[in-house]
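Here are my notes on this one, written for someone new to reading structures. Keep the picture open while you go through them.

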Amino acid sequence: VLVCAARGHAAERSWDLGVIGGVNRAGISGQSIPETDLETRTGFLFGATVGLQLREALTLSLEPSYVVRGCRVVTEIDDRNDIEEETQVAFDYLEFPLLIRARGSGQTRPYAVGGVGVAFLLDATGELPGGGTVDLKDDLHTNELLAYFGGGLEAEWGSQLVYFEARYTQGLINAGRGNPTSAASLPPEFKNTGLQFLAGWKVWP
């Protein structure tokens, strides 16, 4: 009986493949240097999903993704005349979130999502106020550890499954190397954050 139950349970498990895309309202959390503010910027993300259905309402998925993070560094030049300069900072990461989704019931199913992931820095640049760009890769660690949590809705569209999701991401380790003289006025130590809005499409099976 136990062997039959185990075989039946294994048969219920199924794999799926999908694609995702969306926007990332990115920022960094850290102590800004004097006369500067760290504000959010909008980047994009896209990737693929490999999912394993553990239970009827529980799925484990790996989602390799290209994600643009960063922030806007706003420096006060003249407070009396309200003159500011802004540096657009972009961090390009290849991320590998491992996420669990717990679903409700119904034709349009709500779900909660959470997990952790690793990220690898591909590029880091700053667009300076006077024009030109500066390479910031030496200011950042090459690896990142992140937490993800949020929720969404999924529904069947024809024979395919689509879903819309909002999730918050928080860096668990310092992304900055501790450089006190960053060319983009970044704080020596900081963590990446982001509010992501994305859509997903299960393309197989």
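The points below go from the whole chain down to single residues.

1. First, some ground rules. This is a predicted model, where local features need pLDDT of at least 70, side-chain atom pairs count only at pLDDT 80 or more, and totals for chains, interfaces and linings use all residues. Residues are numbered from 1 along each chain as its sequence is written, and side-chain values use heavy atoms, with hydrogens and water left out.

2. A contact means heavy atoms within 4.5 Å.

3. Now the overall build. The C-alpha atoms fill a box of roughly 75 × 30 × 25 Å along the principal axes. Of the contacts with a separation of 6 or more, 68% join residues 24 or more positions apart.

4. What about the inside? Of the 205 residues, 39% are buried. Buried means under 20% relative accessible area, exposed over 50%, and partly exposed in between, with a 1.4 Å probe and protein chains only.

5. Have a look at Gln 107, in the loop between β6 (83-103) and β7 (108-127). Gln 107 counts as exposed because its relative accessibility is 73%. Leaving aside neighbours within four places in sequence, Gln 107 touches Glu 154, Ala 155 and Glu 156. Glu 156 is 49 residues away along the chain, yet the two C-alpha atoms are separated by 7.4 Å.

6. Then the rings. Rings of Phe, Tyr and Trp (its six-membered ring) pair if their centres lie within 6.5 Å; planes under 30 degrees apart count as stacked, over 60 as edge-to-face and the rest as tilted. That gives 7 aromatic pairs. Phe 44 and Phe 46 are stacked, because their centres are 6.1 Å apart and their planes at 5°. Together with Tyr 66, Phe 44 and Phe 46 form one aromatic cluster.

7. One more pair: Phe 149 and Tyr 168 are tilted, 5.7 Å centre to centre with 50° between the planes. Phe 149 lies in β9 (residues 143-157) and Tyr 168 in β10 (residues 160-171), so this pair ties together parts 19 residues apart in sequence.

Note on methods. Helix = DSSP H or I, 4+ residues; strand = E, 2+ residues; numbered from the N terminus.
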